[in-house]
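Hi everyone, thanks for coming.

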Amino acid sequence: MQEKLKEIFEWFHRNPELSYAEYRTTERIRQLLTDAGIEILPYTLETGLAAVIRGEKKGPVQALRCDIDALPVTEETGLPYASETPGRMHACGHDFHITAGLGTAFLLRERKRELAGTVKILFQPGEESSLGALKMLETDVMKDVERIWGLHADPTNAAGVIGLREGAVAAAVDRFVITIKGVGCHGAHPDDGVDPIPAACAVVQALQTIVTRNVNAFHPSLISVTRIEAGKTWNVIPPEAWLEGTVRTMDRADRELFQKKTALIAEKTAEAYGAQAEAKWIPGPPAVINDAKMAEFAADTARRLGFTVVPEEQSLGGDDFSFYEEKIPGCYIKIGTGKGQLIHQPGFAVEESVLEPAAKYLAAVLMGAYIS
């Protein structure tokens, strides 16, 4: 199994594809599943697919989500099986997720006489877009699923370590765009117009007070302005300025507060400078919330198999796994892949020794996870 998974993993690592363009990736997954005699569900998806293993004993319908897309990152690992596509890399471990999901499918297929219930394995496109889960949810794949499991490579922990906790583990991810409208004029005569740039700078500073003065200090949250744009030349005051950024929250009420306050602060601050502001809010996935019973079961299973279990680190990063959890209970598991560069970095790498243990662990969770 380890040698088989190693070969599979290296192929996916060499052939990364970006969100919604995972064509070769999808066909490779399809071929490997077909060769193993595993049923593929007949959904019309441009990329990605869902497989199913039907156990011979009565039990729940569960799902395992494995994301499949790569990132626009130039690899600097020096691995002999490094990306063969310049500017693209599996820098978030999705090649590991695919391989672990396939290994889990192979094991469950071999043990379907012992499997209680049904397991669907979702090879999901476009996670890095934050909306790929919605592609899966456009099908009826989840209509009978009672609980869902997710996994993620964790380079902050050694191989053999599983990270788990109940409750919030990843943040809601939202985006905002603020347009500040002034009146353009010559740079030598600012009194003839309304300069949107000082107003924009004031809005940037004022937005931080949402975190420092409006949100409970024990609630993880942040607001980051990541883009400021205004003007085209050195001696003209422009008529408009634009701000763009992200808000990350764990608490639903905090998320609503940020949306209201971002718009209010932008509008009133700009008004104080004689300008006008319009704030656009672009919602992303909600927070990832681990079901308590599922997290406890996953931790007990890990210990039984000889893994070390540590508290899963909370992150203000997000994952569209949360869209599934809006419908059913879920649990997002961090699997230690060897300490090294963090995800989304050009030197990120997964220790291949984790491939077989990860598949065996996930198979064990799915085979025994009848949680009342």
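I'll go through some helix packing first, then the strands. Please keep in mind that this is a predicted model.

Let's begin with helix 10, residues 355–368. One of its partners is helix 3, which spans residues 94–110. At what angle do helix 3 and helix 10 pack? The angle is about 55 degrees, and the axes lie 8 Å apart. That makes helix 3 oblique to helix 10, and the crossing of the two is right-handed. On the helix 3 side, the contact is made by Phe96, Thr99, Ala100, Gly103, Thr104, Leu107 and Leu108. Helix 10 answers with Leu355, Ala358, Ala359, Lys360, Leu362, Ala363, Leu366 and Met367. If you sort the residues of this contact by class, you get eleven nonpolar, three polar and one charged.

Now for helix 8, residues 292–304, which also packs with helix 10. Here the angle is about 125 degrees, with the axes 10 Å apart. So helix 8, too, is oblique to helix 10. This crossing is right-handed as well. Phe297, Ala298, Thr301 and Ala302 of helix 8 meet Tyr361, Ala364, Val365 and Gly368 of helix 10. By class, that contact has six nonpolar residues, two polar ones and no charged ones.

My last stop is strand 8, residues 172–181. Why is strand 8 described as largely enclosed by the rest of the structure? Because eight of its ten residues are buried, taking buried as under 20% relative accessible area. Strand 8 pairs in the antiparallel sense with strand 12, residues 240–249, over ten bridges, and there Val177 stands opposite Glu244. Strand 8 also pairs with strand 13, residues 276–283, again antiparallel, over eight bridges. In that pairing, Lys181 stands opposite Gln276.

That's my tour. I'm happy to take questions!

Note on methods: Residues numbered from 1 in each chain as written. Predicted model: local features only at pLDDT ≥ 70, side-chain atom pairs only at ≥ 80, totals over all residues. Heavy atoms only, no water. Axes fitted to C-alpha atoms, helices over the stretch in contact; angles between N-to-C directions. Helix = DSSP H or I, 4+ residues; strand = E, 2+ residues; numbered from the N terminus. Parallel < 35°, antiparallel > 145°, perpendicular 65-115°, else oblique. Left-handed = near helix turned anticlockwise from the far one by under 90°. Contact = heavy atoms within 4.5 Å. Nonpolar A, V, L, I, M, F, W, Y, C, P; charged D, E, K, R; others polar. Buried < 20%, exposed > 50% of the residue type's maximum accessible area, 1.4 Å probe, protein only. Pairing = 2+ DSSP bridges.
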